[in-house]
Amino acid sequence: MTDFRDVAAEQRYEQGFTDADGETRRVWADYSVQGNRRALLHVEAEDELRGSGAAGKFMQNLADHARAGNHRLTPVCSYAVAWFRRHRDYADVVG
């Protein structure tokens, strides 16, 4: 697993995870900036990571990043909406 990164110039969060073959693959979330809020427009994992739990771990790291940076997330993407519904312990970063 690589470090979670905010690639602000591309308005994208991303992180690498190791797939079943030992290759590093990416999970990312595109966002738009709205003051201290980030609208999560699209979350995607490379095909080789699907079903591995990498996207869930990425979302947890993203929520922790938002909490540490004191900004709010507005889930727009259906995956992000569903993840936050299942993880009410991160309700403080949703807004």
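Strands S3 (24-34) and S4 (37-45) run antiparallel and are joined by eight bridges. Strands and helices here are DSSP runs, numbered from the N terminus (strands: E, at least two residues; helices: H or I, at least four). Two strands count as paired if DSSP finds at least two bridges between them. This is a predicted model: local features need pLDDT of at least 70, side-chain atom pairs count only at pLDDT 80 or more, and totals for chains, interfaces and linings use all residues. Residues are numbered from 1 along each chain as its sequence is written, and side-chain values use heavy atoms, without hydrogens and water.

**Strand pairing**
- Ser-32 has Ala-39 in S4 as its bridge partner.
- Two residues separate S3 and S4 in their hairpin, where Gly-35 in the turn has a positive phi of about 70 degrees.
- S2 and S3 are also antiparallel, with seven bridges.
- Trp-28 in S3 stands opposite Glu-14.
- The hairpin of S2 and S3 has five residues between the strands, and Gly-22 there takes a positive phi near 85 degrees.

**Nonpolar core**
- A nonpolar core is a set of buried Ala, Val, Leu, Ile, Met, Phe, Trp, Tyr and Cys residues joined through side-chain atoms within 4.5 Å.
- Buried means under 20% relative accessible area, exposed over 50%, partly exposed in between (1.4 Å probe, protein chains only).
- The largest core has 24 residues; Phe-58 and Met-59 are among those touching the most other members.
- Helix H1 (54-69) gives the largest share, seven residues.
- Beyond four places in sequence, Phe-58 contacts (heavy atoms within 4.5 Å) residues including Tyr-13, Trp-28 and Val-43.

**Tyr-79**
- Tyr-79 lies in helix H2.
- Its relative accessibility is 28%, so Tyr-79 counts as partly exposed.
- Beyond four places in sequence, Tyr-79 touches Val-43, Ala-55, Gly-56 and Met-59.
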